[in-house]
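Visitor: I have a chain open here and would like to go through its fold. Can you take my questions as they come?

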Amino acid sequence: MNTPFFQRTAGGILLLCCIFFNSVHAQSFRFVALGDMPYTLPGDFVRYERLIGKINSENPSFSIFVGDTKSGSTPCSDEYVQKISNYFNTFQKPLIYSIGDNEWTDCHRPQAGSYDPIERLDYIRSHQFSNKLSFGKQKLVLTRQGDVMPAFTTFVENSLWVKNDFLFVSIHLPGSNNNFGRNASSDEEYKKRNAANLAWIEYAFDQAQQKKYVGIIFAFQADIFYSPDQATSRSSGYRDTLELFSSLAGSTNLPILLIHGDSHRLKIDQPLLNNQKRTLENVYRLEVMGSDQVQAVEIEINPKEANPYGFHPLLIKENIQAD
């Protein structure tokens with residue numbers, strides 16, 4: 001908002017000068033990241049409900065769930081998908097969901113019900129991504145990848161949104177090696193989704209440059225930094241993604257935040273390297289806790305800071321498991 005500066009005088013009100021500032025985009029805001037829960041059932045449902053209540057009391061702008069709505073040994077049933085959707089809609093503010101591996105790639109396991117992973121993915125897409133709205137009691141209108149890139153209309157789970165000139169990007173990048181290397185069917189699925197993901201990442205960086213966004217936040221499930229080999233091995237389902245992130249992030253000074261789960265332990269660092277193996281200092285990584293730790297992380301973004309990202313774990317005492 002452009003706000004004029006006035007001073008009252010004996011003769012009335014004199015306009016001394018105009019101070020121009022964008023009060024909306026200069027404001028700090030908070031959001032919450034969580035994932036990899038509930039795992040141990042049915043006991044973790046109570047802990048999960050307690051965490052959702054805590055998040056609602058914090059009143060963040062929105063929350064991001066970075067995949068794995070269950071453990072790999074929990075049945076991948078239609079009923080469970082609906083149960084999780086119901087939980088997502090108990091968040092007071094918008095909830096954006098990035099799909100994890102336990103929801104579909106690992107559903108072929110006997111403990112998970114011996115489902116066809118591709119059928120499970122199709123079911124999730126049709127039932128949890130059937131429109132442009134987020135989850136939550138208060139909805140957020142998202143831009144789906146197919147809205148701006150018609151060649152990728154299948155990938156309805158890939159989305160983006162903007163808050164105070166920060167670009168948020170959700171990418172379907174799951175664990176279990178990104179569904180690569182298990183069989184011919186999984187490799188074919190990976191090939192198509194990998195192409196969509198790479199195009200989506202490039203689009204995000206391009207939009208950030210064109211529209212002069214202040215920073216970019218990417219959310220996905222997989223711990224793509226689990227091993228150094230994931231950046232170099234031809235058997236890695238994450239090599240292309242890591243190469244692209246390093247290349248594009250290394251060509252900009254924008255602060256980049258990568259949020260993921262998968263390894264279940266809280267971690268904040270600067271994991272990306274450039275071609276000279278030097279740390280990319282504008283790239284930060286937040287790995288959220290999960291599994292036995294039913295907790296979350298609140299992120300505050302302050303556009304006035306060189307490093308705009310601040311992190312505050314939301315720890316619920318009642319959710320801490322005793323030894």
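Visitor: Which residue in strand 9 is the bridge partner of Phe168?
Guide: Ile217 is the bridge partner of Phe168. Before going on: this is a predicted model, where local features need pLDDT of at least 70 and side-chain atom pairs count only at pLDDT 80 or more, while totals for chains, interfaces and linings use all residues. Residues are numbered from 1 along each chain as its sequence is written, and side-chain values use heavy atoms, with hydrogens and water left out.

Visitor: In which sense do strand 8 and strand 9 pair?
Guide: Strand 8 and strand 9 (residues 215–219) are parallel, with five bridges. Two strands count as paired if DSSP finds at least two bridges between them. Strands are DSSP runs of E with at least two residues, helices are runs of H or I with at least four, and both are numbered from the N terminus.

Visitor: And what about strand 7 and strand 8?
Guide: Strand 7 (residues 159–163) pairs with strand 8 in the antiparallel sense, also over five bridges. Ser159 stands opposite Ser170, and Leu160 has Val169 as its bridge partner. Two residues lie between the strands of this hairpin, and Asn164 takes a positive phi near 50°.

Visitor: Is strand 8 buried or exposed?
Guide: Five of the five residues in strand 8 (166–170) are buried, meaning under 20% relative accessible area with a 1.4 Å probe and protein chains only; exposed is over 50%, and partly exposed is in between.

Visitor: Which way do the residues of strand 8 point?
Guide: Phe166, Phe168 and Ser170 point one way, Leu167 and Val169 the other way, and all are buried. In a regular strand, side chains alternate between the two faces of the sheet.

Visitor: What is the strand order in the seven-strand sheet?
Guide: The order is 6-7-8-9-10-12-11, in an open sheet with mixed pairing. Strand 6 (143–144) and strand 11 (267–269) are the edge strands, each pairing on one side only. Helix 6 packs on this sheet and touches strands 6, 7, 8, 9 and 10, its direction making about 160° with that of strand 9. Contact here means heavy atoms within 4.5 Å. Axes are lines fitted to C-alpha atoms, for helices over the stretch in contact, and angles run from 0 to 180 degrees between N-to-C directions.

Visitor: Different topic. What is the order of the five-strand sheet?
Guide: That open sheet runs 5-4-3-13-14, with mixed pairing. Strand 5 (95–97) and strand 14 (309–314) are at the edges with a single partner strand each, so one side of each lacks a neighbour in the sheet. Strand 4 (residues 63–65) joins strand 5 in parallel through three bridges, with Ser63 opposite Leu95.

Visitor: Which strands does helix 1 lie across?
Guide: Helix 1 (residues 43–58) lies across strand 3, strand 4, strand 13 and strand 14, at about 170° to strand 3.

Visitor: What do the buried residues of helix 3 pack against?
Guide: They pack against helix 2 (78–88), strand 5 and helix 6 (184–210). Among these buried residues are Leu121, Tyr123 and Ile124.

Visitor: Last one: how many helices and strands does the chain have?
Guide: Seven helices and 14 strands. Buried residues make up 51% of the 323 residues. The C-alpha trace spans about 85 × 45 × 40 Å along its principal axes.
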